[in-house]
Amino acid sequence: MRLFSLLCFITIAVFFVSCSSQKRMSYYYLENVTDTSVKNAVRVFEPVIQNNDLLSIQVYSAATDPKVDALYNLANTTNNNNNLALIGFLVDQNGNIEYPRIGIVHAAGLSKQQLADTIKSKLSNELNNPSVVIRYLNFRVTVLGEVGRGGTITIPYERVTVLEAIGLAGDIPFTGKKNSVRIIREVNGNREVGTIDLTAKNVFESPYFYLQQSDVVIVDPTKAKVRSNEESIITQRITFALTFITTTALLYSLFK
């Protein structure tokens, strides 16, 4: 009976600890922004090309014969469902692409416009007034952790903020930390981890507000969520122990 009373006391103690007051949590985005009259210029974000990016590159010129431009473009293909397949130029591990009739072109570290200017300069002696249009075919980010729907998201418009990515992932519940979201990013072959506070008034100035392709966004659970999970495990164990002791005591009383 003494052991039974002790276990009951532990159960009651766990209950009161879980109900005790906690440190104020950050529940809302931009909750520290108070002056809505302040207007900051929107910075134009231009992602840079990285290794393993898949690029769509189309070349056009003033030539009247479309066959002339076709020599500098990849042929379109269809898959088994008769849908247009995504074909493009894969940036290799050296940061290069191999372009028809031009050869090796270094792409990593350049913006789309810079790569387009490079290709255009190489074609200036072969085509009349060439123009180059480049798009990303695999611009995607991954959102993990305490969100509604974690996973990899393909971005068709090549520009996404961390708030938009989290919105596409189903938002952060109250059990997720909005004030310390981590971003894993590869820069020039090196992996870096940054933190952004989504409740801060200067969130728009963070270098991680606009995401780059292949970024990984990680939302950690709050301490209250972690503590709740731990207390749930402890409660389950205590319940099992009480059930075992009660059953043992009942069997003992029946067969003594």
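Predicted model: local features only at pLDDT ≥ 70, side-chain atom pairs only at ≥ 80, totals over all residues.
A search of the whole structure finds five salt bridges.

Take Lys-112 and Glu-158. Their side chains form a salt bridge, 2.4 Å from N to O. Lys-112 sits in helix α3, while Glu-158 is in the loop between β7 (151-154) and β8 (160-161), so the pair ties together parts of the chain that are 46 residues apart in sequence. Are these two residues buried or exposed? Lys-112 counts as buried because its relative accessibility, 19%, falls under the 20% limit. Glu-158 also counts as buried, at 7%.

The second pair is Asp-220 and Arg-182, where the closest N and O atoms are 2.8 Å apart. Again, distant parts of the chain are linked: Asp-220 is in the loop between β12 (216-219) and α5, and Arg-182 is in strand β9 (residues 181-187), 38 residues apart. Arg-182 has 32% relative accessibility and counts as partly exposed.

Strand β9 also holds Arg-185, which pairs with Asp-215, a residue of the loop between β11 (210-211) and β12; these two are 30 residues apart.

Lys-112, Arg-135 and Glu-158 belong to one network, joined by salt bridges that share partners.

Now the nonpolar side. In soluble globular proteins, nonpolar side chains tend to be buried together. Here the largest nonpolar core has 44 residues, and the members that touch the most others are Ile-57, Leu-115, Val-162 and Ile-196. Which helix gives the most to this core? That is helix α3 (residues 112-123), with four residues.

Last, the surface. Which residues make the nonpolar surface patch of about 470 Å²? They are Leu-250, Leu-251, Leu-254 and Phe-255. Leu-254 lies in helix α5, which covers residues 223-255. Leu-254 counts as exposed because its relative accessible area is 58%, and exposed means over 50%.

That is the tour; I will take questions.

Notes: Residues numbered from 1 in each chain as written. Heavy atoms only, no water. Patch = residues over 30% accessible without salt bridge, like charges linked within 9 Å, V, L, I, M, F, W, Y side chains within 5 Å. Areas by Shrake-Rupley, 256 points an atom, 1.4 Å probe, with all protein chains shown as cover. Salt bridge = Lys/Arg side-chain N within 4 Å of Asp/Glu carboxyl O. Buried < 20%, exposed > 50% of the residue type's maximum accessible area, 1.4 Å probe, protein only. Core = buried A, V, L, I, M, F, W, Y, C linked by side-chain atoms within 4.5 Å.
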